[in-house]
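Welcome! Here is a short briefing to read with the sequence and the 3D view side by side.

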Amino acid sequence: MSLVLYNDLTRKKEPFVPLKDGEVGFYSCGPTVYDYFHIGNARPFIVFDVLRRYMEFSGYRVTFVQNFTDVDDKMISRANEMGITVQELAEKTIADYFEDADALGIKRATHYPRATEHIEEIVDLVRRLEESGHAYEVDGVVYFHVSSFPGYGKLSRQNIEELQSGSRIEVNSSKKNPLDFVLWKAQKPGEPAWDSPWGKGRPGWHIECSAMAMKYLGNTLDIHSGGTDLTFPHHENEIAQAEAATEEIFVRYWLHNEYILIDKEKMSKSLGNFMTAREARKHYSPLAIRMFMLGAHYRSPVNFGPEGLQQATAALERLHNCWSDFRYAVDNRPHSQEQDDVVESIKRHRDDFVAAMDDDFNTAGAIGHIFEAVSTVNGYLKDSDSLSSESIKAVEDFFRDVDSIMGLIGLDSDGQDDDSEEIESLIRKREEARSAKDFATSDAIRDQLAAKGVILEDTPQGTKWKKKI
């Protein structure tokens, strides 16, 4: 079986076939950088990070683009409140973004375009739309003329007649059609602005994504992803802008994740159940948050709360304990060349893991197969005094490959913890200190390791260690 994805444009699962053989152009909507990103944002950041990783594991060369919206009404208001410039707010918030995203194990994108750095491309796209009759200017504001694009509504399948009546959007008398949306905003006093054929102003929200996506990925993208709340109007408008300008298909596969719920209600500032990723990290391990996000299918709503996070933490501890116990056994038990059935069991778990991921990127099912492998490895360690070299390789390869996709253990390309050599060096120094009855040094090293989140367990066979979750 090869990768199959649910395409929101067609409302069905489709085999994934990229436009260019072996290459994937992948655009995922990023944050508006006026504050810490919230856990609702964290879900698409994490789940589509894993899809990107899985595609790379499967042999694709992925160009992954995630934008930063670094000028808009919220940013201008927040910067004014803080007494700083919009650019200063953007720099601070983007730095905060990377701190939280790195902690959550989100791999860096190939490109992080910012709207303010692509004004030329945005203006050029708006000009092309105006020249082709798809846009018009009123008092320095440029609108997209929705009636000029017959395909409008094909992604969201909104009732266009109902929308046109003004019952679901604010009617603006300067528009030709109430559905028409802003491509270029005229400057207001005190706002940042750039030169354009229509006077000083700044881009609308929707146009920036179309312009930046096409700059880095071409007129047609393989995948565009984001939260389901972006389907309309943002992604619908992106399609209209891009396809009206190029007369080519803008995106071949549209992927949207469902909402995060808190206390079984959609997260909302108005309900007072809003939580940033920064705040969540104060209460839960970043890897536990990541495990939680991957523990449900991306197209299903998920309730973010203590019970689910505790379950995710327990699952993560079980996974880390298995890896730690296995590595300790490899280092301290004899190796043999005898054949055993572990290799075939691990192969079966790997095949099942891949099958789950190929079936519309089912991370929940894939995690289930990881824990079947954990049970196999734990049973192997319990029942075997020695380990076969073939089984060691099979288990190590499985954990390394799974972690390169899911990012739940923290292994480098050699299958080892990133700082394992330093940790083991300190453990050896501690054991030397204990042998010399230098308990002050021994305790100091234990404290030093504890500060790194390392938990030690002294056994008759030596000292075992693992990372705190």
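Predicted model: local features only at pLDDT ≥ 70, side-chain atom pairs only at ≥ 80, totals over all residues.

**Aromatic rings**

- Let's begin with Phe 37 and Phe 45, whose ring centres lie 5.1 Å apart. Their planes meet at 80°, and an angle over 60 degrees counts as edge-to-face, so that is the name for this pair.
- Both partners are buried, because each falls under the 20% limit: Phe 37 has a relative accessible area of 3%, and Phe 45 has one of 5%.
- Another edge-to-face pair is made by Phe 292 and Phe 304, at 5.3 Å from centre to centre and with 90° between the planes.
- This second pair joins distant parts of the chain, 12 residues apart. Phe 292 belongs to helix α9 (residues 286–294), while Phe 304 sits in the loop between β13 (302–303) and α10 (306–332).
- Phe 292 and Phe 304 are both buried.
- Ring pairs also build a cluster out of Phe 37, Phe 45, Phe 68, Tyr 97, Phe 98 and Tyr 112.

**Charges over rings**

- Lys 176 places its charged end over the ring of Tyr 136, 4.5 Å from the ring's centre.
- Over the face of Tyr 6 you will find Arg 299, at 4.1 Å from the ring centre.

**Helix α11 on its own**

- Which residues of α11 are buried? They are Val 342, Val 343, Ser 345, Ile 346, His 349, Phe 353, Ala 356, Met 357 and Asp 358.
- Just past the end of α11, Asp 360 adopts a positive phi of about 55°.

**Helix α11 and its neighbours**

- The buried residues of α11 pack against β1 (4–7), α1 (39–57), α12 (363–383) and α13 (389–406).
- With α12, the axes come within 7 Å and cross at roughly 170°. An angle over 145 degrees counts as roughly antiparallel, which means that α11 is roughly antiparallel to α12.
- On the α11 side, residues making this contact include Ile 346, His 349 and Phe 353. On the α12 side, they include Ala 366, Ile 370 and Tyr 380.

Technical notes
Residues numbered from 1 in each chain as written. Heavy atoms only, no water. Phe/Tyr/Trp six-rings, centres within 6.5 Å; stacked < 30°, edge-to-face > 60°. Buried < 20%, exposed > 50% of the residue type's maximum accessible area, 1.4 Å probe, protein only. Helix = DSSP H or I, 4+ residues; strand = E, 2+ residues; numbered from the N terminus. Lys NZ or Arg CZ within 6 Å of the ring centre and 35° of its normal. Contact = heavy atoms within 4.5 Å. Axes fitted to C-alpha atoms, helices over the stretch in contact; angles between N-to-C directions. Parallel < 35°, antiparallel > 145°, perpendicular 65-115°, else oblique.
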